[in-house]
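Good morning, everyone, and thank you for making time for this. Please look at the chain on the screen while I go through a few of its contacts.

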Amino acid sequence: MTDEPISLGARLSQLAAEQPDRPAVTDHRRTITWREFDLRTNRIARALESIGVRQGDLVTIGLANGIEFIEACFGLWKAGATPQPISHRLPAAEAQAVMDLAETPILIAGPAVASSRPRYDVDDLLALGADDGPLEDRTAPIWKAPTSGGSTGRPKLILSGGPGVYTPPQPGTLGAWGIVHDDVAIVPGPLYHNGPFVTSVAAVTQGAHLVIMPRFDAEETLRAIDRHDDDEPHLAPADRDADRL
């Protein structure tokens, strides 16, 4: 463990070495361990590089809430690229306008998002990337590029002011959003929104168990809290964003 900033990809690999068999990310279908998370995103990063994604690229992600969304993000960070999330339900013309602005070389999405660009889902990328060994460390110069939710006229991207690095919290302080190692962070909001997106990344980089809901549902969120209450010493139900997917 170091007190110096490290790339987001290196942070994931560090956590996988420390706690390989603990649950890392859960969605409504399954759970992956930290080891699986690290190895799968190594394969995704290599696949991205093989199809032309380069360090510094903005790459549009149009996936529904789930493990694949987070895997796509960390695969991009390991390749030195920047996730540019959009709703998987965005109308075709609006999605195309955002992708044109981002100049994304590819689209990571399912068939629901129409595009003239080459489109891959996470299974496609995993099929292209057979090597899950360690990667050369890369840092994305911009760590996220969400769209502006309140703008009018042409779409606008909000480029983060910092690179794709994890900075450990100062001794005696909590991590981002108060999430600490061993917490469970339940995120019911859509991951293409900035709040749920940032909260999810904070949970992962702090070493917490991230639980992603498919959509906001108040009763199901309470049931998820009950299900996971005994998982870890703490529970951080993060970002109760009521926006529907």
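This is a predicted model: local features need pLDDT of at least 70, side-chain atom pairs count only at pLDDT 80 or more; totals for chains, interfaces and linings use all residues.

Which side chain meets that of Asp 131 in a salt bridge? The partner is Arg 46, with 3.5 Å from N to O, where a salt bridge means a side-chain nitrogen of Lys or Arg within 4 Å of a carboxyl oxygen of Asp or Glu. This pair links distant parts of the chain, since Asp 131 lies in the loop between α5 (122–128) and β8, while Arg 46 sits in helix α2 (residues 34–50), 85 residues apart.

Residues are numbered from 1 along each chain as its sequence is written, and side-chain values use heavy atoms, leaving out hydrogens and water.

Asp 131 is partly exposed, with a relative accessible area of 42%, and Arg 46, at 22%, is also partly exposed; the term covers what falls between buried (under 20%) and exposed (over 50%), using a 1.4 Å probe and protein chains only.

The structure holds 13 salt bridges. In another of them, Asp 182 and Arg 22 have their closest N and O atoms 2.9 Å apart, and this pair, too, links distant parts of the chain, being 160 residues apart. Asp 182 is partly exposed at 23% relative accessibility, and Arg 22 is partly exposed at 25%.

Finally, Arg 227 forms a salt bridge with Glu 220, at 3.0 Å between the closest N and O atoms.

Terms used. Helices (H or I, at least four residues) and strands (E, at least two) are DSSP runs, numbered from the N terminus.
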